[in-house]
Amino acid sequence: MPDIFSKIVIFFTFVDVLNKLILSFMSTFRQRALNEAAMHGNERYFVEDRPISSFFGVNVFDREKMRRYMSKPAYEAVVSASEYGTSIDRSLANEVATGMKTWAIEMGATHYTHIIEPLTGLTAEKHEAFVTVKNGDVFERFSGTALVQQEPDGSSFPSGGLRNTFEARGYSAWDPTSPVYILGQTLCIPSIFVSYNGEAIDMKVPNLKAYQALNKAAVSVANLFDDAVTKVTVNIGLEQEYFLVDEALYKARPDLALCDRTVIGHTSAKDQQLSDHYQGTIPQRAMSFMKDFETEAYKLGIELTTRHNEVAPNQFECAPKFCEMTKAIDQNMLLMTVMQQVADKHHLKVILHEKPFAGVNGSGKHTNWSMQTDKGVNLLSPGKTPTTNLQFLAFYSSVLKAVHQHNALIMTSVCTYSNGFRLGGNEAPPAVMSVFSGSTLSKVFDSIMKMKADKSADSGKESIKLVNSIPEIFPDNTDRNRTSPFAFTGNRFEFRAVGSSVNVASVTYVLNAAVAEALAEFRARVDKKMKARIKKNDAVMEVVKEFLTESQDVMFEGNGYSAEWFEEAKKRGLKAITNFPDAYKNYLTKDSEALFVKQGILSKAEIEARYEVLNETYVKKLQIEARVIGDLCLNHVIPAAVRYQDLLIQDITGSQAVFKAESKDLCKAEIDTYRKIAGFINNLQADVEQLVEARKKANAVPDIAKRAKLYSTEVMSWMEKVRYSADHLEMLVDDELWPMPKYRELLFF
């Protein structure tokens, strides 16, 4: 008997040693990542020991540099093209290109590229060398033709059927409204991108066309108050939220690396409950990164003014000063690139996904939107005189009209797949449109809508007196409402529903088109009343009242998260976005088609193409995530859980050998844990199989819209079930055996 007992002890000792070796091997990947992360410090890599003003915009070919490197005619041609959209003569284009090349080479540039914004939502670039060899001579060359137009491959970008794979030709063309700059050793030229047949296959073309439509309509309304106005610009300020994660931990999470979000992962015991991270002291490692990317941004002329901790752990925000829309959007796209490049130096990863971690706040890109005349007047800022207040009411009521008329379409413009995880959560606006105006303006609007339609000679006095009674709006007498997707904040609207990862042009072209349509209708109604011999101010006031009355259903001052509001919104005819593939159909309605086609922003074919791309992108992103979650569960989660079961069964078996019948009570916890793990493993295995079948079923559907709908319902439903089991296993399996970094490790430096 002693020999048998000794053999049992030796056997289990051997098994224990073997398991420890296996355990050590299994934990190496995660532990190595944690060890590597612990070694990363707070070093700076882009230090400028001089005032920001001394290097701000050094890498931008701005107007001051244009004056130095171009003749006066060439300079004026570029300014005219930028300000008024005029074309640049070919001979002058050559001179402009020569000036750019000379400056760029002096700055160390060796290549140039057109920066385009395809329907991927990202930027794209193809670099061309300045160097040319001819007859044995080597020199740098950059022609006006190369500046104005390039020919990147147009077949591999999303086009929604506008291009076939074998039709490769596409054209990029310089957009002079946005500054040229140097990034690294490349001269970067912001550009539009169209197909061989001229269809828009980028984000920028429809945005510029909608901008033109808004400018035209806004000038016509502004001329009612100041006939010297010749141009109206849209200014936007983009508040960029993002997460920072250590590079080593990021690479140890296949879902972060491939999807930019964690498709599985149990919440940390401590995350944002105490609100201690929000606007708290910025961690030193994050601060070092921020200072470096801000330095690089300043060199590129990006006027960053704000940085702070956001609500979730390791979540931060930066914000530039507002500026002209095209420039602001291009700079935001550039900023996202710069942030990621600088983060690599700091062994960090910038995560721009709207919801990378379940259970904590997601990230948005709050878009502050306003209009300004070429006389410097903010058209959304109430004034102290009857005329300026009347002008403010005209433009404010037109924006309300636009948002009400196209509420579902405007909300649909923010419906990217990743933003779907954020919308409706308590950190983001609900997925139903409303406009918050504040108590002061709400009372004024209510008074205007209650005015009697008096056609007497004194009716104008009543109107003007009412307009004159509007107080100047200061930040402290107009509260903010974070539950409103589209809130007025004193002199601008804040579109809070925009996602953190998007190209904002995908949103602004819809908003600008809607406002342009409303402003054109405003002017038409005023003109009609003036032809009926109604005085101008009275006519304006009557249309303001009409627009407010017609749009009052979209005005809401309460809690946008409440269940009561959703019921009320439904009664008002406001559509809640509950399923994104269904929402995409809002692009195809008669109202939407009229909005884009009549104003020359998109053709019917281009609208349908964007609809196809939206559905296709939705399917592909969800398809990738479904594959990743299946891989993680089958190749990472289940093996780790089984390994822990082996340890448990070894302990139970050893106890039975030594303690016989008593072992049942002694090992109750181990036995219960084993059974729980077995149940979750079985469920996980079965649910992954069902997920695969759901994907196959959806992939067999030829219609992309129907396929997207199946992915959004059946595939996503099975993904949620898979995650449920995986996250519970994370809480049961030995921590040392769990193969991937956990939330508590990812969210805290």
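## Two helix pairs in a predicted chain

In this predicted model, F289, D292, F293, E296 and A297 of helix α9 touch L335, V338, M339, V342 and A343 of helix α10, where contact means heavy atoms within 4.5 Å. Of the residues in that contact, eight are nonpolar, none polar and two charged. Here Ala, Val, Leu, Ile, Met, Phe, Trp, Tyr, Cys and Pro count as nonpolar, Asp, Glu, Lys and Arg as charged, and the others, Gly among them, as polar.

Before moving on, some ground rules. Numbering starts from 1 along each chain as its sequence is written, and side-chain values use heavy atoms, with hydrogens and water left out. Local features need pLDDT of at least 70 and side-chain atom pairs count only at pLDDT 80 or more, while totals for chains, interfaces and linings use all residues.

Two packed helices are described by the angle between their axes and the distance between the axes. Here are two pairs:

| Pair | Residues | Angle | Axis distance |
|---|---|---|---|
| α9 and α10 | 284–299 and 325–345 | about 135° | 9 Å |
| α20 and α22 | 604–659 and 668–699 | about 160° | 10 Å |

Axes are lines fitted to C-alpha atoms, for helices over the stretch in contact, and angles run from 0 to 180 degrees between N-to-C directions. So α9 and α10 are oblique to each other, while α20 and α22 come out roughly antiparallel. Angles under 35 degrees count as roughly parallel, over 145 as roughly antiparallel, 65 to 115 as roughly perpendicular and the rest as oblique. The residues where α20 meets α22 split into 20 nonpolar, six polar and four charged.

Zooming out, the chain has 24 helices and 18 strands; these are DSSP runs (helices H or I, at least four residues; strands E, at least two), numbered from the N terminus. Its C-alpha atoms fill a box of roughly 115 × 80 × 55 Å, taken along the principal axes.
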